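Work through the exercises below with the sequence and the 3D view open. Try each task before reading its solution.

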Amino acid sequence: MGLSAAVAGASGYAGGELLRLLDGHPDISADVITAAANAGEPITSVHPHLRQYAGQVFERTEAARLAEADVVFLAMPHGQSGAIAADLPEHVLVVDLGADFRLRDDAQWKKFYSGDHAGTWTYGLPEIAGARGQIAVSRRIASPGCYATAITLALAPLFAAALAEPDDIVVVAASGTTGAGRGMKQHLMASEVMNSLSPYKVGGTHQHTPEIEQSLSDVAGQPVTMSFTPVLAPMPRGILATCTAKAKPGIALADVKAAFSVYEAEPFVYLLNDGEWPQTGATLGSNSTHLQVAFDQHAGRIVVVSALDNLTKGAAGQAIQNANIALGLDETTGLPTIGVAL
């Protein structure tokens, strides 16, 4: 098909993952590769594993250059996509991996982020009912956050089937260090992270909280509230989310299992066999999400555990999945479903 892609922010972890996946995509090639601070540097000086890009350098991020591509992936820090997107022509497909266009509520944006709210685009989580049709006709797509993907996929079937109370959700999720971006931060140094788990942004302050509540509220048809505690894990990539919700009266495990049948035809979501539990290592490098469910009858709570690779299904892979749909391609094109063995 010979479609061209531009990747803005390609020197970051998500940007590098976009380049890796696009190199194996049969219909889309990364022809415009830009960065900010790394402009002019060889791509392989930042991403030594991407030998296919040897001899190329990062270009400066300029809207006019990005607009030469058929699809633009914005993999820049939160708050930076809006200005670039405003200068891109409407016919160009734009998929934003940042948070700039995910939220509908200006007040929530100002509370959890900084600066002005850039607006709201089509939310690109294809596995949620009705989402594919919207993505297919959109030229502007906000790809979900990594935690938001793991948690929404875990809990959405419960609310679609009206099995859980919307005001009693508790989530504890561990993420690898790449989820915090490539910037130098003392608490992300290897000597600080190795052999240690540490919570952060505790007490409802993580920026994905309003995004997750917004998505689940759309599924439930009523407001959903959640207590979310993220944990930094001593690993580069991956998310393991343990999500619990208060069950409505009369619910049994069979009802919960039946609700997750909505994923049977999904190419990237797997409900594991009985006795198997999600592991981050099993999803490494893949665009897949692994799920398992249990029913804690003593506490009256439904437990759903999900695992995914925060850089693939949680970022670059999902962005390409959205682009495939919007471009009329098979949404699995160029995306691995099988993880890399540890």
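The exercises go from the whole chain to one residue.

The model is predicted, so local features need pLDDT of at least 70 and side-chain atom pairs count only at pLDDT 80 or more, while totals for chains, interfaces and linings use all residues. Residues are numbered from 1 along each chain as its sequence is written, and side-chain values use heavy atoms, with hydrogens and water left out.

**Exercise 1.** Compare the radius of gyration of the protein chain with that of a compact globule.

Solution. Step one: the radius is taken over C-alpha atoms, and the globule rule is 2.2 Å times the number of residues to the power 0.38. Step two: for 342 residues the rule gives a value near 20 Å. Step three: the protein chain has 19 Å, which agrees.

**Exercise 2.** State what share of the residues in the protein chain is buried.

Solution. Step one: buried means under 20% relative accessible area (1.4 Å probe, protein chains only). Step two: buried residues make up 55% of the 342 residues.

**Exercise 3.** Describe the surroundings of histidine 206.

Solution. Step one: histidine 206 sits in the loop between β9 (198-199) and α9 (209-220); helices (H or I, at least four residues) and strands (E, at least two) are DSSP runs, numbered from the N terminus. Step two: its relative accessible area is 3%, so histidine 206 is buried. Step three: leaving out residues up to four places away in sequence, histidine 206 touches Phe112, Tyr147, Tyr200, Lys201, Phe228 and Pro230, where contact means heavy atoms within 4.5 Å.

Technical notes: Buried means under 20% relative accessible area, exposed over 50%, partly exposed in between (1.4 Å probe, protein chains only).
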